[in-house]
Amino acid sequence: MSSGQEPVFSEYETETSQTSKLLKKFKETPFVPIGMAGFAMVVGYGLYRLKHRGDMKMSLHLIHMRVAAQGFVVGAITCGVLYSMLREYVVKPKE
C-alpha cells in the first residue's frame, strides 16, 4: 500500500462508532435482538430446569430445549419478515 492512498472506509469509520452502528441495525431490524434475547432466555430457563427435570433423561431434556430455542428464533425471524413486508408494501414511506 502506498503512502498516498487513503483508507477506503475512512469517512465511514470516523463518523460512526460501534454502538451507533449497533443501534442503527437494531432500528432497521428490531426482531433480531428480540430473537437473540428470546434464545438467551430459553437457554437460561433450560439450564435452570436442568436441575429440576425429575426422572426425564438428559438427552430428552436437551432436545426439548433446543426445539424451544429454535422455535423462538424462527418465530422472531418470521415476525421480522412480516414486519418488513408490512413496512415496505402496505405502509409505504413517503419518498
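The questions below go from the whole chain to single residues.

Colleague: How many helices and strands does the protein have?

Modeller: This is a predicted model. From the N terminus on, its elements run α-α-α-α. The secondary structure therefore comes to zero strands and four helices.

Colleague: What share of the residues counts as buried?

Modeller: The accessible surface comes to about 8300 Å², with 66% of it belonging to carbon and sulfur atoms. A residue counts as buried under 20% relative accessible area. Of the 95 residues of the protein, the buried share is 9%.

Colleague: What end-to-end distance should helix H4 span, and what does the model give?

Modeller: Helix H4 covers residues 58-90. Its 33 residues, at 1.5 Å a residue, should span 48 Å. The distance between its end C-alpha atoms agrees with this, because the model gives 47 Å.

Colleague: Which residues of H4 are buried, and which helix is among the elements that cover them?

Modeller: The buried residues of H4 are His-61, Met-65, Ala-69, Ala-76 and Gly-80. What covers these residues includes another helix, H3.

Colleague: Is His-61 buried or exposed, and which residues does His-61 touch?

Modeller: His-61 is in helix H4. Its relative accessible area is 6%, so His-61 is buried. Leaving out residues up to four places away in sequence, the contacts of His-61 are Gly-46, Arg-49, Leu-50, Arg-53 and Met-56.

Colleague: Where is Pro-30, and how far in space is Pro-30 from Ala-76?

Modeller: Pro-30 lies in the loop between helix H2 (18-28) and helix H3 (31-51). Pro-30 counts as partly exposed because its relative accessibility is 25%. Ala-76, one of the buried residues of H4, is 46 residues from Pro-30 in sequence. C-alpha to C-alpha, the two are apart in space by 9.5 Å.

Colleague: What separates the C-alpha atoms of Ser-84 and Phe-31?

Modeller: Ser-84 is in helix H4. With a relative accessible area of 22%, Ser-84 is partly exposed. Ser-84 and Phe-31 are 53 residues apart along the chain, and their C-alpha atoms are separated by 9.9 Å.

Colleague: Is Leu-82 buried or exposed, and what is the accessible area of the nonpolar patch that includes Leu-82?

Modeller: Leu-82, in helix H4, counts as exposed because its relative accessibility is 52%, and the cut-off for exposed is over 50%. On the surface, Leu-82 belongs to a nonpolar patch with Ile-77, Val-81, Met-85, Leu-86, Tyr-89, Val-90 and Val-91. Together these residues have an accessible area of about 810 Å².

Methods
Residues are numbered from 1 along each chain as its sequence is written. This is a predicted model: local features need pLDDT of at least 70, side-chain atom pairs count only at pLDDT 80 or more; totals for chains, interfaces and linings use all residues. Side-chain values use heavy atoms; hydrogens and water are left out. Helices (H or I, at least four residues) and strands (E, at least two) are DSSP runs, numbered from the N terminus. Buried means under 20% relative accessible area, exposed over 50%, partly exposed in between (1.4 Å probe, protein chains only). Accessible areas come from the Shrake-Rupley method with a 1.4 Å probe; for residues, only the protein chains shown count as cover. Patches are made of residues with over 30% relative accessible area and no salt bridge: like charges are joined within 9 Å, nonpolar side chains (Val, Leu, Ile, Met, Phe, Trp, Tyr) within 5 Å. A salt bridge is a side-chain nitrogen of Lys or Arg within 4 Å of a carboxyl oxygen of Asp or Glu. Contact means heavy atoms within 4.5 Å. The expected span of a helix is 1.5 Å times one less than its number of residues.
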